[in-house]
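Q: I would like to go through this model with you. Could we begin with its surface and then turn to the sheet?

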Amino acid sequence: MKIVTTPLYEEQLKEILSFLAQKNYEETKKFKIYLDTILINIPTKDKKYKKSIYFENENIKDVEYQGCTVIFYVDKKNDTYIILGITIKN
């Protein structure tokens with residue numbers, strides 16, 4: 001399985017990291033490193049994650065981490081995980 005990110009995810013992540021870095025740069029680096037670890041491990045843990053609250057599709061799931069939700073799509077046909085976006089939970 002391969003993991004692919006969308007341009008939307010990349011843009012949303014930049015905005016979140018920029019916002020967090022204004023408060024605490026070191027904590028932002030830790031946040032990003034751990035987030036990358038979560039994403040790398042999605043293929044081995046995708047059964048653990050629940051169906052997305054944002055979409056009516058069983059192949060779209062949410063990963064919650066430190067007040068953020070990462071939304072990803074399991075493309076079984078192409079053996080790929082597509083990271084669709086990241087949001088800050090309200």
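Q: Which residues form a nonpolar patch on the surface?
A: Ile53, Tyr54 and Phe55 form it, with about 320 Å² of accessible area together. The model is predicted, so local features need pLDDT of at least 70 and side-chain atom pairs pLDDT 80 or more, while totals for chains, interfaces and linings use all residues. Residues are numbered from 1 along each chain as its sequence is written, and side-chain values use heavy atoms, without hydrogens and water.

Q: What counts as a patch of this kind?
A: Its residues have over 30% relative accessible area and no salt bridge, and nonpolar side chains are joined within 5 Å. A salt bridge is a Lys or Arg side-chain nitrogen within 4 Å of an Asp or Glu carboxyl oxygen. Areas follow the Shrake-Rupley method with a 1.4 Å probe.

Q: Is Ile53 buried or exposed?
A: Ile53 is exposed (over 50%), because its relative accessible area is 62%. Ile53 is in the loop between helix H3 (42-45) and strand E2 (60-65); helices (at least four residues) and strands (at least two) are DSSP runs.

Q: Now the sheet: what is the strand order?
A: The open sheet of 4 strands runs E1-E4-E3-E2 with mixed pairing, where a pair needs at least two DSSP bridges. Strand E1 (2-5) and E2 are the edge strands, each pairing on one side only.

Q: How many bridges join E1 and E4?
A: E1 and strand E4 (residues 80-88) pair in the parallel sense over 4 bridges. Ile3 has Tyr81 in E4 as its bridge partner.

Conventions:
Patches are made of residues with over 30% relative accessible area and no salt bridge: like charges are joined within 9 Å, nonpolar side chains (Val, Leu, Ile, Met, Phe, Trp, Tyr) within 5 Å. Buried means under 20% relative accessible area, exposed over 50%, partly exposed in between (1.4 Å probe, protein chains only).
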